[in-house]
Amino acid sequence: MTNDVAEPALSATDALRPWIDGIEIGVAVDSDAGGDGASREPFTRVPDTATKVVVRVDENGHRDTLVVGPSTRATYHTSKRLASCVQVRLGPGTARPLLGVAAVELVGRVVRLGDLPGASARQLADELRWLEGEDAVGRLMEVLPGRLAGGDGADRSRREVLRAAVEALSTDAGHVPSQVRELARRLAVSERQLRNLFAEGVGVSPKHFARIGRVRHVLAHAGSTGWAELAASTGYYDQSHMTADFRTLMGVPPRSFFTGRLPVAQPCQSLSRV
C-alpha cells in the first residue's frame, strides 16, 4: 500500500453548503511528475461528476492551483511523487459563477485556475497561490459566499431545478435514481432543457450522471451484498446490465476489478503537472 493520507472531508459552512460538496485536506501522489521512483504503487481514479479546485504543493515547493473537471471513465495510474493539497468539490451549478466557464468545458481536463478566462478565476488563483492546508480552506470560507450569492431570479430558479434533479438522480440519497424522462416531467422542464442544465452546471448529461453515480455505488457497496441484489438496489434492470455498465466506465467487469482491486485515488492523486 502507498503512504497516501487524506483527512475526512470538511463540512462546508451554511453559506457554502449549496455551492460546495466538500473540502478535503490530504497528502497525495503526483503520478506524472518526475522523482526517484521510490513509490510506484498502482491506483484507480474512478469516474467522478464533480468539478474540483485543487491547491497543491509538491515536495520541491512547486505550487499549483488547479481546476479538475469531471471524469467520465476510470483511469489507472502508477504513483511517483508526494504532494500536499486541499481539494474543494464544487456543487452543481458552481462552475460558471466561480470559474467563469460552463462545467462541460472542463470535462476530462486539468487546467491552471489562473489560465481560465474569467476575472473571478484569476483573482481566486492569486488569493490561493501562497496558501495551503487550513489557511487555504479559511480563505475560501471568507471569499466564496460573496462571490457565489449573485445572480437574478432566473439564475436561482435554474440552480434550484438542477439541484433537485441531481438529488433525484443520485444513488447517495438512499433511493433508486429517477428515470430522466419522468424526472423532467416532474420538474416541469423538457428533457432538452434538463440536458442543457446539466451541461452548464455539472458537465455531463443526466443519464451519464446517473450512470457514474450507480457505478460509484457499486464500488462502495460491493462485497457487502450479492451482485443481483446490489444491481436491483442501485437501479439496474438486472445484473447483466450492471456488469455491462460497470465494464464501460471502469474498463473491466466487476468481478475482475474486485479480484485485483487497486486503491482508489486520494485527493490530488493522478494529476499531472500542467
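**Entry 1: Glu191 and its partner**

I keep in mind that the model is a predicted one. The side chain of Glu191 meets that of Arg181 in a salt bridge, with 3.3 Å from N to O. The pair links distant parts of the chain, since Glu191 sits in helix α6 and Arg181 in helix α5, ten residues apart. Arg181 counts as exposed, and I noted its relative accessibility as 59%.

**Entry 2: Asp245 and Arg214**

I then turned to Asp245, which forms a salt bridge with Arg214, the closest N and O atoms being 4.0 Å apart. Asp245 belongs to helix α9 (residues 239-250) and Arg214 to helix α7, so the pair ties together parts that are 31 residues apart in sequence. I checked the accessibility of this pair as well, and both Asp245 and Arg214 are buried.

**Entry 3: Arg56, Asp64 and the overall count**

For Arg56 I found a salt bridge with Asp64, in which the closest N and O atoms are 2.9 Å apart. Arg56 is buried at a relative accessible area of 3%, and Asp64 is likewise buried, at 4%.

**Entry 4: Helix α2**

Which residues of helix α2 are buried? I listed Ala121, Leu124, Ala125, Glu127 and Leu128 as buried in this helix, which runs over residues 119-128. They cover an arc of only 165° around the axis, and this places them on the same side of α2. I recalled here that an α-helix has 3.6 residues a turn, so residues three or four places apart point the same way. On the face of α2 turned away from its buried side I found the exposed residues Ala119 and Asp126. I also looked up what the buried residues of α2 pack against, and noted the strands β4 (52-58) and β5 (63-68) together with the helices α1 (95-99) and α3 (133-148).

**Entry 5: Helix α4**

Helix α4 (residues 153-169) has 17 residues, and I noted that it reaches 24 Å from its first C-alpha to its last, close to the 24 Å expected at 1.5 Å a residue. Its buried residues are Arg159, Val161, Leu162, Ala165, Val166, Ala168 and Leu169. What do the buried residues of α4 pack against? I found that they pack against α5 (180-186), α6 (191-201) and α7 (206-221). Two of these helices, α5 and α6, had already come up in my first entry, where they carry Arg181 and Glu191 respectively.

Notes:
Residues numbered from 1 in each chain as written. Predicted model: local features only at pLDDT ≥ 70, side-chain atom pairs only at ≥ 80, totals over all residues. Heavy atoms only, no water. Helix = DSSP H or I, 4+ residues; strand = E, 2+ residues; numbered from the N terminus. Expected span 1.5 Å × (residues − 1). Buried < 20%, exposed > 50% of the residue type's maximum accessible area, 1.4 Å probe, protein only. Contact = heavy atoms within 4.5 Å. Arc of directions from axis to C-beta.
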